[in-house]
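Here are my notes on the model, as numbered points. Please read them with the structure open.

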Amino acid sequence: MENNLPVNVREYQELAKKALSKMHYDYINGGAEDEHTLRDNIAAYGRILLRPRVLVDVSNIDMSTSLLGYNMPSPIIVAPTGSHKVANPEGEVATAKAAASCNSLMVLSFSSNCRIEEVAASCDAIRFYQLYVFKKRAVSATLVRRAESSGFKAIVLTVDNPMLGRRERDIRNKMVAPDKPNLEGLISLENLDTTDGSQLAKYVRDTMDPSLSWK
Ligand SMILES: Cc1cc2nc3c(=O)[nH]c(=O)nc-3n(C[C@H](O)[C@H](O)[C@H](O)COP(=O)(O)O)c2cc1C
């Protein structure tokens, strides 16, 4: 109901907990080990205080900015996150439409549940594509070419994952890696059993290049 729309992130979080399976809620909401960093990241936002400058004319506010030369109405963009179909049957297509409707830039994750081409065709918008470096460099190269020919404007390279953090909730839930249709024919996702815990951890161990460095 219109009146009961969530008014802040915490309220969205409560709704998500009700709507999602435990495995998928924990995947989105969880962190590594004892989750000290996750808690501290949230606390860090609470430590930021805004000092208002009073008696300033704020009747016309312009928050617009640009990123790599692309103009946008505010400095808020959609960070790459994998597997949107765990939360919405339309997956990344729904996210792309939402981002486009407010002219926000979306970064599509390499581990999207929708194909690169499908997201590109769903609506007109500026989009970037996020990539990890795979052990098999040909996989990364193929994904870059597909993103380029689908009109994605930049590659966002994520380098924080030489190995996945020890996500204890995923291990306990025996997290099943959601579909990655963009990797079909490039990387086999068979044999990802969960006998040693999370499929996600095994997937990262098997496919991502932990030797990547500045050199
Ligand atoms: C459920 C989930 C999935 C994510 N998937 C990806 C991903 O596929 N690629 C990536 O580069 N970052 C991924 N991230 C990291 C986010 O892009 C972002 O850097 C991180 O959540 C920190 O931002 P925040 O403090 O606003 O959550 C993911 C984060 C979450 C919570």
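1. How exposed is K174, and how many other C-beta atoms lie within 10 Å? K174 is partly exposed, with 14 such atoms. For burial, C-beta atoms are placed from the backbone; 20 or more others within 10 Å make a residue buried, 12 or fewer make it exposed, and partly exposed is in between. K174 sits in the loop between α7 (168-173) and α8 (199-207). Helices (H or I, at least four residues) and strands (E, at least two) are DSSP runs, numbered from the N terminus. The phi of K174 is positive, about 50°, although K174 is not a glycine.

2. On basis and confidence: this is a predicted model, in which local features need pLDDT of at least 70, side-chain atom pairs count only at pLDDT 80 or more, and totals for chains, interfaces and linings use all residues. Residues are numbered from 1 along each chain as its sequence is written. The protein chain averages a pLDDT (the predictor's confidence in each residue, from 0 to 100) of 93. At least 70 is reached by 96% of the residues. The ipTM is 0.96 and the pTM 0.93.

3. S83 also deserves a check. Its phi is positive, near 65°, and S83 is not a glycine. Most residues other than glycine have a negative phi. S83 lies in the loop between β2 and α4. S83 counts as buried because it has 20 C-beta neighbours inside 10 Å.

4. V78 lies in the loop between β2 (70-72) and α4. V78 is partly exposed, with 19 other C-beta atoms within 10 Å. Beyond four places in sequence, V78 is in contact (C-beta atoms, placed from the backbone, within 7 Å) with T95, A99, S104, M106 and V107.

5. Now the ligand. Its shell (C-beta atom, placed from the backbone, within 6 Å) includes Y27, N41, T81, S109, Q130 and T158. The shell has 4 nonpolar, 7 polar and no charged residues. Here Ala, Val, Leu, Ile, Met, Phe, Trp, Tyr, Cys and Pro are nonpolar, Asp, Glu, Lys and Arg charged, and the others, Gly among them, polar.

How values were computed. Two residues are in contact if their C-beta atoms, placed from the backbone, lie within 7 Å.
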